[in-house]
Amino acid sequence: MKNHIQSVLHQLEQKTQKRMLKNVSSSDGAWIVMNGRKMLNLASNNYLGLANDERLIKAGCQAMRTYGAGATASRLIVGNYELYTRAEEALKKWKKAEAALIFNSGYTANLGIIASLIGRDDIVFSDWLNHASIIDGIRLSKAERYRYRHNDLDHLESLLKQASPHKRKLIVTDSIFSMDGDIAQLEGLVTLKKRYNAILMVDEAHSSGIYGKRGEGLVHHFHLQDEVDIQMGTFSKALGCFGAYVTGEQWLIDYLMNTMRSFIFTTALPPAVLGAIEKSIEIVQQEHARRQTLQVHSHYFRDELQKLGFDIGKSTTHIVPIIIGSNEQTVQMSERLQEHGIAAVAIRPPTVPEGTSRIRFSLSSSLTKEELDWALERIAEVGREMGLIAS
Ligand SMILES: *Cc1c(COP(=O)(O)O)cnc(C)c1O
């Protein structure tokens with residue numbers, strides 16, 4: 001066993017695919033101290049800068065004082081503190097949903113929702129670039145599965161056409177794709193789900209808080225909230241906390257509460273987290289300026305990278321990759337950027353397909369225009385040194 005594992009690790013190292021943890025000693029939103037070096041943070045999912053917001057910290061501390069450090073049990077036993085009721089009420093109002101349920105993390109939410117909704121006799125259709133937690137939920141479900149080419153609705157339709165009309169069908173997609181920063185064709189997906197009598201689940205992990213009039217997400221941005229059956233999202237990214245949610249009709253929530261193993265068999269969230277979540281739901285609906293700043297930054301950053309000659313793929317959001325290809329060059333670029341004071345991470349297989357390794361930048365409204373310009377100058381310098389762009 002040990003020999004085998006050591007050889008697997010060695011192979012990863014040879015392919016420049018072995019991962020290592022970095023030590024973060026401080027973070028104030030825009031800046032981070034990592035492995036002892038201060039860097040501009042272009043790698044976190046703290047899109048609206050809320051993770052360090054004093055109001056969230058205060059609400060979290062208060063909840064912890066009142067209810068303790070841990071929840072002491074699962075929600076269905078004695079862990080369902082009134083904090084949950086309050087946060088779920090706020091969530092329902094925000095999303096204008098009939099029912100809502102909060103989970104421990106986006107990963108366990110997707111795993112459990114999908115595995116509880118579909119089984120051996122059902123069929124699932126999933127975008128090629130969906131998040132790993134969706135893929136793992138599908139694996140666990142044992143349903144018949146089809147992956148359609150990324151954002152290719154013709155391909156999806158041809159698969160739907162071939163499927164038995166008598167089987168239950170689920171279509172599932174990210175709303176913003178985590179490693180490419182492009183957007184799902186939600187309107188087209190709604191058309192297809194109606195035409196083929198499927199249900200549609202949308203993962204708003206990267207769009208919650210950012211799109212929609214009050215940050216409800218991309219589903220609301222496109223006015224599809226009454227058409228999408230299952231809206232899932234997280235509190236761990238733009239909302240700056242931790243945990244995840246699903247909104248939908250009451251039958252869905254009742255069913256999940258009764259069958260979803262990753263909901264039933266795990267301890268409830270710590271009170272501090274729930275206190276912060278409630279505050280974050282309140283703030284995110286009101287503070288539009290954060291969303292606007294993020295949009296302006298994203299637009300500017302994408303434009304400038306393209307002008308410099310970098311390949312940013314199909315990004316139209318605050319997630320902006322520079323697609324490089326080889327693992328070695330990608331790791332080299334991220335190391336050089338870090339030496340220049342920019343926290344930017346190399347994303348390699350299996351997170352992305354072979355030959356598409358990339359630097360994945362994620363922006364935050366807590367950055368200033370000056371900081372972005374400073375970063376762009378350094379990114380250009382490293383790109384030229386490495387021959388990725390013309391000098
Ligand atoms: C981050 C992410 C998740 C997982 O959420 P966590 O709360 O970090 O576990 C799920 N889906 C997508 C699309 C994500 O980007």
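In this predicted model, eleven residue pairs are in polar contact across the interface of domain 1 and domain 2, with both residues of each pair at pLDDT 80 or more. On the side of domain 1 that touches domain 2, α13 (288-308), β11 (319-325) and β14 (357-362) each contribute at least two residues. The largest share of that side, five residues, belongs to α13. Sorted by class, the side of domain 1 that touches domain 2 holds seven nonpolar, nine polar and five charged residues.

Domain 1 is made up of two segments, 19-48 and 288-385, while domain 2 covers 54-286. Their C-alpha centres are 27 Å apart, and the contact draws 21 residues from domain 1 and 22 residues from domain 2. The size of an interface is often expressed as the accessible area that is lost when the parts come together. Between domain 1 and domain 2 about 1800 Å² is buried, and carbon and sulfur atoms give 54% of this area.

A record in UniProt, an unreviewed entry, lists residues 38-379 as "domain: Aminotransferase class I/classII large".

**Salt bridges**

Side chains of opposite charge can pair when their charged atoms come close. The count for the model is 22 salt bridges, whereas the count between domain 1 and domain 2 is one. Two salt bridges are set out below.

| Side chains | Distance, N to O |
|---|---|
| Arg 358 and Asp 180 | 3.1 Å |
| Glu 88 and Arg 75 | 2.8 Å |

**Backbone features**

Most residues other than glycine have a negative phi, and most peptide bonds are trans. Two sites depart from these patterns. Pro 349 and Pro 350 are joined by a cis peptide bond, with omega at about 5°; Pro 350 is located in the loop between β13 (345-347) and β14. Lys 96, although not a glycine, has a positive phi of about 50°, and Lys 96 is found in the loop between α4 and β4 (99-103).

Methods: Residues are numbered from 1 along each chain as its sequence is written. This is a predicted model: local features need pLDDT of at least 70, side-chain atom pairs count only at pLDDT 80 or more; totals for chains, interfaces and linings use all residues. Side-chain values use heavy atoms; hydrogens and water are left out. Domain bounds come from an automatic or database domain assignment. Contact means heavy atoms within 4.5 Å. Buried area is the accessible area (1.4 Å probe) that two parts lose on being put together, summed over both. A salt bridge is a side-chain nitrogen of Lys or Arg within 4 Å of a carboxyl oxygen of Asp or Glu. A polar contact is a pair of N or O atoms within 3.5 Å; within protein, one must be able to donate a hydrogen and the other to accept it, and residues adjacent in sequence count only if both atoms are side-chain atoms. Helices (H or I, at least four residues) and strands (E, at least two) are DSSP runs, numbered from the N terminus. Ala, Val, Leu, Ile, Met, Phe, Trp, Tyr, Cys and Pro count as nonpolar, Asp, Glu, Lys and Arg as charged, and the others, Gly among them, as polar. UniProt positions are given in the numbering used here, feature names are shortened, and annotations may be inferred rather than shown by experiment.
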